Amino acid sequence: MNPLLTNETLQVAAWLAGLLELVLALYILLLNSRHTANHHVSLLLFIFAVNNLGMGMLFGAAQAAEAVLPTLLLAMTSEPAKVGLLLTAIVLLKPQWMQGRRQWLGWLLHTLVFLPMVLTAIDALRNTGLWYIGLDAASYTGGYIASGVYEAGSVARVIRPLYVYVFSLLPFVPILWVLISRETPRTTRQLAWMLLITQCLAVAVQFGLRAVIGSGATSVITTTFFALGYAYTAFQQMISERRAQRGRLRPRLTVLTLAIAIPILLALVGFVIFRSSVVIETQSAETLSATNRLLATSVRLWLDYNVKALQQVMTQPEIQGMDPVAQEPVMTAMDAVYEHIYMVSTTDLSGMNVARSDGNPLTDYSDRTWFQEVRDGAPLAYQVAIERTSGKPALIVSMPVHDQQGNLVGVGMFAATLDKLSNEVAVTSFGETGVTYVVDADDRIIAHLDPAFSAEIVDIHDSPVARKLREGEEGQFDFVDAEGREWQAYVAALDNGWGIIAQQESAELRAPLMELSHTGVIVLVLGALLLGGLTFFTMRQALAPIDELTTTAAAITEGDLTRAAPVVSEDELGVLARTFNSMTAQLRASIDTLEQRVASRTADLEQRSAYLQASAEVSRAAASILDPDVLIRQVVELIRERFDLYYTGLFLVDETRTWAVLRSGTGEAGQAMLARQHRIRVGEGMIGWSIENAQARVASHAEVDDVRVINPELPDTRSEAALPLRSRDQVLGALSVQSTHPDAFDAATLSVLQTLVDQVAIALDNARLLAQAQESLEAERRAYGVQMRQDWGLVTRTRATTGYVGARAVTDSKEVTLFPAQGEWSPEMHAARRTRQSVRGHTDGMPTLAVPILVRDQVVGVLNFSKSQDATGLSPDVTWTREEVALLEALAEQMGQALESARLYRQTQLRAAREGVIREISDQMQRAPDLSALMRVTTEALNKTLGGSRVYVRWGTQAQGAAQTGRPDDGRPDQPQPDGGNNGEAE
């Protein structure tokens, strides 16, 4: 990890990111609390906020107990956030995916979002291990740890890979779908681009920076990217959709302001309390540690002092000689020098006193631990026990006695009271509940501030402190005693196995923190109230002009146009009030001419309605009338009538594209021009100019237009327009419209007329193409029918048998005998061939049915069926049921297809055989060595192929052949020469 990114830095960064996400979540929700997109984006941001809160707490955790709450929060939010991204992307971009019949998708995704939360809550309450399994206190070393370590329950092992590997990529699906689809609106496509950029940045950070800054830091960065990207997308969607916000403006602004300010204030107070708690806990830990070290140093010095004194005495020659008379003065002197030592003695190797300083009778100490350990080789031994001679707790320190040669000859010891040690403990007391004490290797209290503990040598073997000490875990920890009080303790072990303990009640340690928390809550509440009040009155003051403007607008809406909005400031609201007053003045002025405008607009609307009606009628005519002449006449009349024109005429270009011929005209003038076959040369007059240039031409004042040709049959024309009939980049003709009023054709009228003319042109062009297609299809059908009839005629002529008869020898038998048909066709068969339909009849008293065999609408044969009078299903009126007729007609249709397939197959075989013969002859010709051989081979091959016909092969030109034979070439083969020569011909 980057050394600059300490756990403390990451903790602050995570909490800042969580605060940002919480503020955004509240802000988006309050902007429009009724819209489902705001709900989902707010939920996603809240999940991110809780996730970063837990992430910050986990960064600051030093032991497993401190990591329980943050890991629970992370287990509830890490995987749901991935599904939340997919769900929110769908809601923002493709909400219809979760509507109607696909509502199940929304329910499924919501279930997957809340499933880990529910399972983690159950695990926390019941310890079921479905999703969350907690941390191993022995292996956890503090700080961030991957979620896979504690999300390893029985259910998590099955479905967590789905969250990690599938749902991490699925948000790309709706985004890319929207970007690829051509039907996506522009605004939605822009939102999809925003989300795609956000997803790509998050993926780049996740995979590009993980090895540099660690997984925890990348998680904080990616969630921040997601929060900003999705929040910005939600804002843009609200702007683009112009979602209506409900409620009054002042309360909404006040709530939005508080929604931003209060979380920030809460975060600041919480952060101050948190940092203060860290400082207080650090100071408490340092106090406990310093007190423990001070007492440990004092005890260690006291023990070293006494051990060195005993060691100095035991190395005296008087002691080493093991002479009781010589030892007593030395031991008595030591006893007198050290006040806390009340006895110094030596024993032999059997444990029996040799000498002692207190003058009491010699005692057998062979059962004492201090004697046994030294006798067995220990360089030093400690034992706390109730001394037999004094009956008080005493510390006994023993060491071996060696003679001048270094041989073990006895054990020396001293017994001392523990008052001096208890005094050292009393000196290190701290706080109101702070306690320090010393325990021996057997977990008994040997020095305590309370004399009652040391006087009775209380055993604390079962206490948490003793267990920590014997487990070798030195340092600070928390525990609860038998009375339910919480303590913080610091333990340390000495080299001789003793333990030094300093502990203080947690309530006393937390008292400053609780006082600070109470102060912070009071500050928070007072600050929130003050902020809310200031915000309310500020909004009230700022929005008062808007309220007055609203009241004025309402009065004007009710008809009071004399009202004016007061201008009370020079800011944007003042500008708005002045603008509103100006608008009101313009409104009062415009009402005076409103009726004229309404009448003018009504006339325009009526005219446009007439234009639209004419366009619709022309469209219906163009779509329903296929006869061009009828279409032209009807369109011309419609245009003249709907547009109230003086004259309308339609011209079409002839085949030479030289003349534009009048095809229809209105009125008597139109009939007269049609009678004399009126036409205009292309390029001349307005009609000719419009056709040649493929543009509309307008003569607003007909009498002064240079291009227009005056028509004496239309003397009242004052304005005229010619519009080209365009279809498929080709001009088919032009439409002439004339009015008795000048300037009758404005841009709107010309646009409508041109649209109508284009529709007529397309309809005429389509009619022409349809006629050509029908003619081509009919010609092809006739050609194919002739060819098919020739082929079937050839088949009939080349076959000896042209029909078959199938009949049962016995009525009840299923075997059918097949034999060639003889005789003439029955009348029903001729009728079926002629009418191409099934024909019923009777032959020899039996009902018959003749069904034609059709191949491409051509009759190639007839099936004639008959059955006996006793057949089932017959009645006097019905000899063949509809099911039977339908079945036999279907059989005839299938038979026609099979016969046609057989004919085509036979033609294919003949063609293949013919091509094989040609290839064989070509191969033989290519192998000929010279011209004579070539001609011989060709003649023989053709003679063989044609079945013994006389074949002539002549080479040379017609002129040469005529010169050689002395006669012109008439296309017939020459006769052989009398001398038997062939004169260049091969036979």
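This is a predicted model: local features need pLDDT of at least 70, side-chain atom pairs count only at pLDDT 80 or more; totals for chains, interfaces and linings use all residues.

Residues are numbered from 1 along each chain as its sequence is written, and side-chain values use heavy atoms, with hydrogens and water left out.

**The whole protein**

Switch to cartoon view: there are 28 helices and 23 strands (DSSP runs numbered from the N terminus; helices are H or I with at least four residues, strands E with at least two). Of the 987 residues, 40% count as buried (under 20% relative accessible area; exposed is over 50% and partly exposed in between, with a 1.4 Å probe and protein chains only).

**A helix pair**

Select residues 68-93, helix α3, and residues 103-126, helix α4; their axes come within 9 Å and cross at roughly 175° (axes are lines fitted to C-alpha atoms over the stretch in contact, and angles run from 0 to 180 degrees between N-to-C directions). The two helices are therefore roughly antiparallel (an angle over 145 degrees). Show side chains, and you will find the contact (heavy atoms within 4.5 Å) made by residues including Leu-72, Met-76 and Val-83 of α3 and Leu-105, Leu-109 and Met-117 of α4. By class, this contact has 16 nonpolar, three polar and no charged residues (Ala, Val, Leu, Ile, Met, Phe, Trp, Tyr, Cys and Pro are nonpolar; Asp, Glu, Lys and Arg charged; the others, Gly among them, polar).

**Salt bridges**

How many salt bridges are there? The count comes to 18 (a side-chain nitrogen of Lys or Arg within 4 Å of a carboxyl oxygen of Asp or Glu).

Pick Glu-151 and Arg-160 next, whose side chains meet at 2.8 Å, N to O. Glu-151 is buried at 2% relative accessible area, and Arg-160 is buried at 17%.

Now go to Glu-505 and Arg-485, with closest N and O atoms 3.2 Å apart. Glu-505 lies in strand β10 and Arg-485 in the loop between β8 and β9, so the pair ties together parts 20 residues apart in sequence.

Finish at Arg-726 and Asp-758, a salt bridge at 3.7 Å. Arg-726 sits in strand β15 and Asp-758 in helix α24, so parts 32 residues apart in sequence are tied together.

Definitions and conventions:
Angles under 35 degrees count as roughly parallel, over 145 as roughly antiparallel, 65 to 115 as roughly perpendicular and the rest as oblique.
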